[in-house]
Amino acid sequence: MSTESMLVDAHVHFYTSADLEAVKGLLPYSLPAPHTLSAYLEHLSETGAMPRLVNNVHLSILPDSANIFASFDEMESLKRSDPGRYGDVALVGTIKADPEYATAERLRHPQVVGVRIVLHDTPPDRVSEAQYTGSGWKALFERLRPDQHVHVYAKEAGTNLRVLRQIPRHIPVLIDHLGSCHAERGANEPSYRALLEEAKARGNVWFKGPGYRTSATVDGALPFVLAIVSGVGPDRILLSASDAPHVGADGGGRSFESQFDAVAALNFSEALANAASEITSVPARQLLSAAAYYIFPRPDESETMTDILIEDIQFPVAYGDATINLVGRVFRPASPDANLPPVVFNSGFTGGVSMYGQLFGRAFAERGYRVMTYDVAGFFTNKDVRNTADQDGITVTNVSLVDQTAEVLAAVRWAKANFGAMPVVASWAMGSVASLAAIVDLAKQGKDQIAFWVPMSYTSISALQELRADKAAADAAIKELADDAAIPPFDTGTDLTKVGYYPLDADTQEYVDRQLGAYTEAGGVDRWPGCSHVTAKSYKEYVEFNPENDLNGGAGYPPALIVHGAENTLHMPEESIRLHSVYPGNAGEKALIIEGMMHGQQNQADNPIFHRLIKEIDQAIRSA
């Protein structure tokens, strides 16, 4: 078992002999042995790793979830007695889903992340269409916090589907055991496909492993994992779970207890993830644990400000051939923290305020910062000022990282002049390449340097080309075109896009079209990406643009926090790790690679990964 597979156990049961006394003599089988948190952690620690996040799930044979609240106290006791060993373990719990038991008081506990509906072998026709829509259930659903979910366990896909359709659509749902414990029916069972279709339509449904209760063999469980990845999405599965202490038996009558302990169950999950990864190319680590950050968000510890003032501004940019005013936007709290530097946020390909800028601007302003951001020339609110031309009735956009570097430098000058201090520059994706070029320029000229640099999802442009289906052919074909020739904005490997400017894989294309399009449409500007064609010159210049060539050691570089998502399949984490190794300034011991973070899918105001990202950046700036 690798260390990565140990990071999360999304489903385990902790209880003592005292807990079992409540059901003594009431079960049709002998009582299971006690399974305590302390013994479980001791067992896992023998492997040389300790889980980072553990979810104690309501045990169906118990009348209530008092054992879960007791485990919270036990965890705190362990942390006090041995902080070095247990200090980084986060314990959360999913309590019994009963309108009378799941009271507001119990749900207010910060470690309670959801409620569990248990139906075991209940067939679909035994679940009425109104079973979970009465006044009691409606009140329970209304009591759930936005960061809490409903956990559903039924062995039949059709039963899971019946329950899912009665849960209010805004509530996140976690479905046990890949949605079916009947491998013999196959992943093409009509009710199973309908369950996946409903989950896809809702957009907030996840399927949890470990998978051995679907089938005790990897080959038997694999079709269900593949169906979830293709039918719902690679970010909608969480395989890293033990379901200890392994009650019940497989389809052949062999007890799970005779086949698995917690370590063996997590090994099974890892083997299943590896098998799925080989077929789908989705990283095994993503299938194992990335979704945990969505399903089990932990409360942010810091106080934030919510009274945010927003102001539209203009700032002059000195390009090589002209000085032009761009439109920008400032986000600031009503009472900013005078001890904090201002922040300039710039984004990549089309980026700025109309996309991630508005999210980062509000998030930093809530923590006391003054934030300035803008759309790059040629796009959205700055579409018509520069870098666009009409060709036979279509608008063709020139994407220039040279121009974007000038814009970063201009934004830095504006922030210093208006806020009285050199700013932090926080950059997203290709925006990080432009901001690095700006930093290099300031260092070479010996000018005032920015206060702190935060490149997120950095990738050298040459490395990005590796995503193309045929890198060499695309490069040669585009370079044969005239500079002003119109090409598609993206290459996704089809005949229509094989000479596109920016290489995207199919999954990323679907995400960016859906999510970023929603951002910009909500902002009252063009649908993302804000252009239909770009110039061939855009590509020719951008593949030659590499500010890393000018680093070569030296002084004058700001401290930095280099951030990347561990599950980013568009801009690879190895790129930020490499940047960290060559960056001349103080960037800490290593790049910050955030588990569960993809290429922007987590950039949503209520997403726990986004909260962690902002918190990490905030702490780094304050510590610099």
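Let me begin with serine 277, which is buried, with a relative accessible area of 17%; buried means under 20% relative accessible area, exposed over 50%, and partly exposed in between, with a 1.4 Å probe and protein chains only. The model before us is predicted, so that local features need pLDDT of at least 70 and side-chain atom pairs count only at pLDDT 80 or more, while totals for chains, interfaces and linings use all residues. Residues are numbered from 1 along each chain as its sequence is written, and side-chain values use heavy atoms, with hydrogens and water left out.

Serine 277 lies in helix H10, residues 262-280. Helices (H or I, at least four residues) and strands (E, at least two) are DSSP runs, numbered from the N terminus. Which residues does serine 277 contact, leaving aside its neighbours within four places in sequence? They are Val282, Pro283, Ala284 and Leu287, where contact means heavy atoms within 4.5 Å.

I turn now to the chain as a whole. The protein chain contains 21 helices and 22 strands. Its radius of gyration is 26 Å, which agrees with the value near 25 Å that a compact globule of 624 residues would have. That radius is taken over C-alpha atoms, and the globule rule is 2.2 Å times the number of residues to the power 0.38. Along the principal axes, the C-alpha atoms fill a box of roughly 85 × 55 × 50 Å.

Of the 624 residues, 57% count as buried. The accessible surface of the protein chain comes to about 24600 Å², and 49% of this belongs to carbon and sulfur atoms; such areas come from the Shrake-Rupley method with a 1.4 Å probe, and for residues only the protein chains shown count as cover. Among contacts between residues at least 6 apart in sequence, 75% join residues at least 24 apart.

As for charge, the mean positions of the 51 positive and 77 negative charges are 3 Å apart. Lys and Arg count as positive and Asp and Glu as negative, whereas His and the chain ends are not counted. Each charge is placed at NZ of Lys, CZ of Arg, CG of Asp or CD of Glu.

Next, a sheet. An open sheet is formed by 4 strands in the order E13-E14-E20-E17, with mixed pairing. Its edge strands are E13 (388-391) and E17 (486-487), each of which pairs on one side only. Two strands pair if DSSP finds at least two bridges between them. E13 and strand E14 (residues 394-397) pair in the antiparallel sense over 4 bridges, and alanine 389 has valine 396 in E14 as its bridge partner.

Finally, the backbone. Where do we find the cis peptide bond with omega of about 15°? That bond joins alanine 244 and proline 245, and proline 245 is in the loop between strand E8 (237-238) and H10. A cis peptide bond with omega of about 10° joins tryptophan 528 and proline 529. Proline 529 is in the loop between helix H18 (506-522) and strand E20 (533-535), E20 being one of the sheet strands.

Histidine 177, although not a glycine, has a positive phi of about 50°. This histidine sits in the loop between strand E6 (173-175) and helix H8 (190-202), and is buried at a relative accessible area of 2%. Alanine 429, likewise not a glycine, has a positive phi of about 55°. Alanine 429 is placed in the loop between strand E15 (424-428) and helix H15 (430-445), and is buried, with a relative accessible area of 4%.
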